[in-house]
Amino acid sequence: MKRILINKSERGYSTALLEDGKLVELLEDSVEESLAGNIYLGVVKKVTGGFIFLDIGQERQAFLDTKDGRERRLFPPGRPSAKPGDTFVVQVLKDAVGNKGPNVTSSISYTGRYIMLYESLDTDRVNSSKKIEDFNETRRLKNMIKGLLSDGFSAIIRSAAEGKDEDTIKAEIDVLMSRWGENLDWKHKTAPATLWSQSSIVKTLMEVVREDIDEIIIDNPDTFSRIQKEFLPTFPDFESKISLHRKDEDIFAAYFVKTQMDKLYDKRVWLKCGGFIVVEQTEACVVIDVNTGKFQSKGGEAAKLQLNLEAAKEIAYQLRLRNLSGIVIVDFLRMMSKADMHSLLKDFELELHKDRIPALLVGMTTLGLVEVTRKRVRKPIEKRNGNALRPPAIT
């Protein structure tokens, strides 16, 4: 049974992904709505040094970097052909950070369930997710989608498209093209104006949902309504899977998520065999050490392999659960056999592939340490302290 639980609190949203009752992923969204992906009609306020600053109706002006390769459809490289008062349709790439306003682009895209559709000078260009490993399937999808795209559009195939027939893909392209036409019909609007937006929780849900999800349970009526309105048009077959948690008991307590969350911040994680791993998060990288602990290693090299294999599975799980990214260094128990080490690395790589976020086993260093890189998508899970969020302490 695979469930997604969504909790709304004063801090914002917490989205928990459970597999057979086990918490495997936790995503936190602050009470402030993310603008990423939203589309605006902006009015130019200032042009300087290759940057165009626009009023998009938010607290801070947005900026567009004309030197970015994505902008070559409208702007020659490094030469912003714009002046104050001009209007442009832009999409937010990144939210405001510090003194910087939102980073926007004039290259608009829409993300669906199976593809991401975008305007492009490279008409009919189709790329695919690396998670689709079957070469013949990738070629089938690319050839199919090239025949379905309108002139001036390109696409990125998402992993969920694997195995889907032409009618299914065409139906989504038609929906995205229709939305494109509706939301970009801005001639009768006065800038700044919002052309299309999506709530943060729906963006998060689209990020984690998979076809094998059995239930999505939400504990807030307003959130439930937003998801029905914004999520179901793209995932209509999920209508019967979405429900409102009506019990008085806290949703995370009811599904035993709270007790699992308490262990999220433990530096030491025990293994079933009696060994344990130590997770240290530093500014430069994540360091994970494998220890024998209470493990009785009477079996020599075979016992070390057993402990290392269990540790590898737990490490891959912890990276996903805590959302640890960047460079990860793992110090497994030293083994003399090259065959055992090969077996360990192969199993570790298979466990890493279960992660929806790309994680790559780089290899072994000259010191015998295993190096992994995991793509940075969100901040690591932070420890709650009252209503505040703070990183777990490292001692």
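Reader: At about what angle to β11 does helix α1 run?
Author: Helix α1 (residues 135-146) lies across β10 (115-119), β11 and β12. Helices (H or I, at least four residues) and strands (E, at least two) are DSSP runs, numbered from the N terminus. Axes are lines fitted to C-alpha atoms, for helices over the stretch in contact (heavy atoms within 4.5 Å), and angles run from 0 to 180 degrees between N-to-C directions. On that scale, the angle of α1 to β11 is about 150 degrees.

Reader: What kind of model is this?
Author: Residues are numbered from 1 along each chain as its sequence is written, and side-chain values use heavy atoms, with hydrogens and water left out. Local features need pLDDT of at least 70 and side-chain atom pairs count only at pLDDT 80 or more, while totals for chains, interfaces and linings use all residues, since the model is predicted.

Reader: Which strands stand at the edges of the open sheet of four strands?
Author: The order in this sheet is β9-β10-β12-β11, with mixed pairing. An edge strand has a single partner strand, so one side of it is left without a neighbour in the sheet. The two strands in that position are β9 (109-111) and β11 (126-128).

Reader: By how many degrees are neighbouring strands of this sheet turned against each other on average?
Author: For this value the direction of the strands is ignored. The average is 15 degrees.

Reader: Which residue in β12 stands opposite Ser-128?
Author: Strands of a sheet pair through backbone hydrogen bonds, either parallel or antiparallel. Two strands count as paired if DSSP finds at least two bridges between them. Strand β11 and strand β12 (residues 153-157) have three bridges and pair in the parallel sense. Opposite Ser-128 stands Ile-157.

Reader: What is the bridge partner of Val-43 in β7?
Author: Strand β4 (residues 39-48) and strand β7 (residues 87-94) run antiparallel and are joined by five bridges. In β7, Val-43 is partnered by Thr-87.

Reader: Which residue in the turn between β4 and β5 has a positive phi?
Author: β4 and strand β5 (residues 51-55) pair in the antiparallel sense over five bridges, with Val-44 partnered by Leu-54 in β5. The two strands form a hairpin with two residues between them. In the turn, the residue with a positive phi, about 55 degrees, is Gly-49.

Reader: Is Asp-20 buried or exposed?
Author: Asp-20 lies in the loop between β2 (12-19) and β3 (22-30), and has a positive phi of about 55 degrees although it is not a glycine. Buried means under 20% relative accessible area, exposed over 50%, and partly exposed in between (1.4 Å probe, protein chains only). The relative accessible area of Asp-20 is 65%, so this residue is exposed.

Reader: Is Asn-323 buried or exposed?
Author: Asn-323 is placed in the loop between α7 (301-322) and β19 (326-331). Its phi is positive, about 55 degrees, although Asn-323 is not a glycine. With a relative accessible area of 7%, Asn-323 is buried.

Reader: Which residues is Thr-204 in contact with, leaving aside its neighbours within four places in sequence?
Author: Thr-204 is found in helix α3 (residues 200-208). Its relative accessibility is 1%, so Thr-204 counts as buried. Apart from those sequence neighbours within four places, Thr-204 is in contact with Thr-15, Leu-27, Asp-29 and Arg-378.

Reader: Is the peptide bond from Ala-191 to Pro-192 cis or trans?
Author: Pro-192 is found in the loop between α2 (166-183) and β13 (193-196). Omega of the bond from Ala-191 to Pro-192 is near 0 degrees, and the bond is cis.
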